[in-house]
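Please open the model in your viewer and switch to a cartoon display.

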Amino acid sequence: MTSEPTQQPQQLRPMPTDWQRALAVVAHPDDLEYGCAGAVAGWTDGGREVAYLLATRGEAGIDGLEPDTCGPLREREQRASAAVVGVTTVEFLDHRDGVIEYGTALRRDIAAAIRKHRPELVITLNHRDTWGGVTWNTPDHRAVGRATLDAAGDAGNRWIFPELAERGLAPWDGVRWVAVAGSSTPTHAVDATPGMERSVQSLLEHRAYIEGLTDEDPETYCRTFLGQNAQRSAERFGGKPAVAFELFSR
Ligand SMILES: [Zn+2]
């Protein structure tokens, strides 16, 4: 009888670096700051352009605030948190927070943004049912994640949304990858260390949201969450804390 070899966790591969423009598409203010922004900081440091597109203004995200007050507040927090990691283009689609519908309207809105920004890399947040195990994901994340994966193809096909060309948005078939942050089945990663401090400051800009979420000191909360998040991927990335992505090539 031979003994089973020790099971080594499959290593995460480095994210591609041969690209210039990225577009990150998520449902809510703060979705990119719970991990992904650390990678964005490194990318913008290297001279790459990253733009953010948010499906909603997160107006249903704070229990103690009416949506009419909450939406503009969270938009301001999102713009400030993007600026911390070198992102100055932040756009909003104004779908309704909490009840975003997966469908052709959402796909068309995202395809329009992809045609406008012409990214090689598209980033989104976990489109899967769970965060791993039995931690259920939210319907908005699933809808936007799936629609983003689909829109990467829609953007390149002149016949799918012909009305976009009439608005001056020519097809863009140059998306080479869609990288999904927060996936329970990641394949690739970025070293989290160079961008860690800015990722903490970036998440901290969502102060009203975080103060509504926890009684913990906001900075301690951000530092602990992002540090533990990056450390979880280290075992699969040569011991280095990492921001992990599930990468779909096109
Ligand atoms: Zn969210």
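Begin with the open sheet: 8 strands in the order β1-β7-β8-β6-β5-β2-β3-β4, with mixed pairing. Strands here are DSSP E runs of at least two residues, helices are H or I runs of at least four, and both are numbered from the N terminus; two strands pair if DSSP finds at least two bridges between them. The edge strands, each pairing on one side only, are β1 (13-14) and β4 (90-92).

This is a predicted model, in which local features need pLDDT of at least 70, side-chain atom pairs count only at pLDDT 80 or more, and totals for chains, interfaces and linings use all residues. Residues are numbered from 1 along each chain as its sequence is written.

Next, select residues 121-125, strand β5. 5 of its 5 residues are buried (20 or more other C-beta atoms within 10 Å of the residue's own, with C-beta atoms placed from the backbone), so β5 is largely enclosed by the rest of the structure. L121, I123 and L125 point one way from β5, while V122 and T124 point the other way.

Strand β2 (residues 21-26) runs parallel to β5 and is joined to it by 4 bridges; A24 has I123 as its bridge partner. On to β6, which is also parallel to β5, with 5 bridges; here L125 is partnered by A181.

Keep A181 selected and show β8. Strands β6 (residues 177-181) and β8 (residues 242-249) pair in the antiparallel sense over 5 bridges, and A181 stands opposite F245.

Finish with residues 218-234, helix α8, which lies across β7 (188-191) and β8.

Technical notes. Contact = placed C-beta atoms within 7 Å. Axes fitted to C-alpha atoms, helices over the stretch in contact; angles between N-to-C directions. Buried ≥ 20, exposed ≤ 12 C-beta atoms within 10 Å, placed from the backbone.
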